[in-house]
Amino acid sequence: MRMTDEELRHQALFRRLDAMMEADMPPGHVMTANPNAVARVVLGCSSWAVLALTLFVERFSQVHYRASVEPGEAICPLWRDVFLFHWREESQHTILDEMGFIREDARLDAPARDAAVGELIALLGALDGIVQGQAVADAAYFCAIAGMPPDALRRRRIEGLFLTAYRRRYLVSGFLAPRFRKLLFSRLDEAQAIRIRNAMAPLGYAVPRPLGAAGAMAA
Ligand SMILES: [Fe+2]
Ligand SMILES: [Fe+2]
């Protein structure tokens, strides 16, 4: 109950930040994901898959704070504070969600877990779809503001850079987080683990450089 309250508060907080940023941004920026459509997909899945996705999102939001906000000296203090307090609450959510995931996992037999793994893979694919749509929109916004002459090849390259950055932040960093991997993979048999690794393998190119040694995604 309290976690739901906190998440609603987080949403309100980030919407306010959105509005504050928008006031200073040139017009034309769009958010491409439809929150209702996302909610419909998520709500159609088993608790196991939803909890696994939740843990994944909590992990990448914590990694994001550690990697991008905490060490960023030029970041405005209000911005830093919002992410600091969000990070603190998410750290508590993770502990509770891990317990929930373990409880949920204990209720599943092998075929049910097999199905839930498929759902988790579909949810990660849906997340990648969201990121792809936003990358295209943000690249178009960037090109328009920069006043670039229409050049399809250059535009595609810029889209590629946005997409790599978003995949790194929203997919790969969560997947590489050791605590998430340990919890998830300790619950899977070899075939299930391979299915998840294979689904994530095409994103291996977006592994952050210091961790980018061959096989980081497969480890
Ligand atoms: Fe949150
Ligand atoms: Fe949370």
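The following legends describe close-up views of a predicted model.

**View 1. Helix α6 and its bend at Arg168.** Helix α6 comprises the 25 residues 152–176. At Arg168, α6 bends by about 40°.

**View 2. The buried residues of α6 and their cover.** Buried positions of α6 are Ile158, Phe162, Arg167, Tyr170, Val172, Ser173, Gly174, Phe175 and Leu176. The elements that cover these buried residues include α3 (47–69) and α5 (110–146). Also included in this cover are α7 (178–186) and α8 (190–200).

**View 3. Packing of α3 against α6.** The axes of α3 and α6 are 8 Å apart and form an angle of about 105°. Angles of 65 to 115 degrees count as roughly perpendicular, and the two helices α3 and α6 are therefore roughly perpendicular to each other. On the α3 side, the contact is made by Phe56, Val57, Arg59, Phe60, Val63 and His64. On the α6 side, Arg169, Tyr170, Ser173 and Gly174 take part in the contact. Of these α6 residues, Tyr170, Ser173 and Gly174 are among those that are buried.

**View 4. The largest nonpolar core.** The largest nonpolar core has 31 residues, of which Ala49, Ala52, Leu53, Leu120 and Leu123 touch the most other members. Helices α3, α5, α6 and α7 each contribute at least two residues to this core. Neighbours within four places in sequence aside, Ala49 is in contact with Ala116, Glu119, Leu120 and Leu123.

View 5. Glu58 belongs to helix α3. A residue counts as buried when 20 or more other C-beta atoms lie within 10 Å of its own; Glu58, with 23 C-beta neighbours inside 10 Å, is therefore buried. Leaving aside neighbours within four places in sequence, the contacts of Glu58 are Glu90, His93, Thr94 and Asp97.

**View 6. Ala19 in α1.** Ala19 is located in helix α1, which covers residues 2–24. With 12 or fewer such neighbours a residue counts as exposed; Ala19 has 9 other C-beta atoms within 10 Å and is therefore exposed. Between Ala19 and Glu58 the sequence separation is 39 residues, and the C-alpha to C-alpha distance is 23 Å. Of this pair, Ala19 is exposed, whereas Glu58 is buried.

Methods. Residues are numbered from 1 along each chain as its sequence is written. Chains are lettered from A and ligands numbered from 1 in the order in which they are written. This is a predicted model: local features need pLDDT of at least 70, side-chain atom pairs count only at pLDDT 80 or more; totals for chains, interfaces and linings use all residues. Helices (H or I, at least four residues) and strands (E, at least two) are DSSP runs, numbered from the N terminus. The expected span of a helix is 1.5 Å times one less than its number of residues. The bend at a residue is the angle between axes fitted to the seven residues ending there and the seven starting there. Two residues are in contact if their C-beta atoms, placed from the backbone, lie within 7 Å. A nonpolar core is a set of buried Ala, Val, Leu, Ile, Met, Phe, Trp, Tyr and Cys residues joined through C-beta atoms within 7 Å. Axes are lines fitted to C-alpha atoms, for helices over the stretch in contact, and angles run from 0 to 180 degrees between N-to-C directions. Angles under 35 degrees count as roughly parallel, over 145 as roughly antiparallel, 65 to 115 as roughly perpendicular and the rest as oblique.
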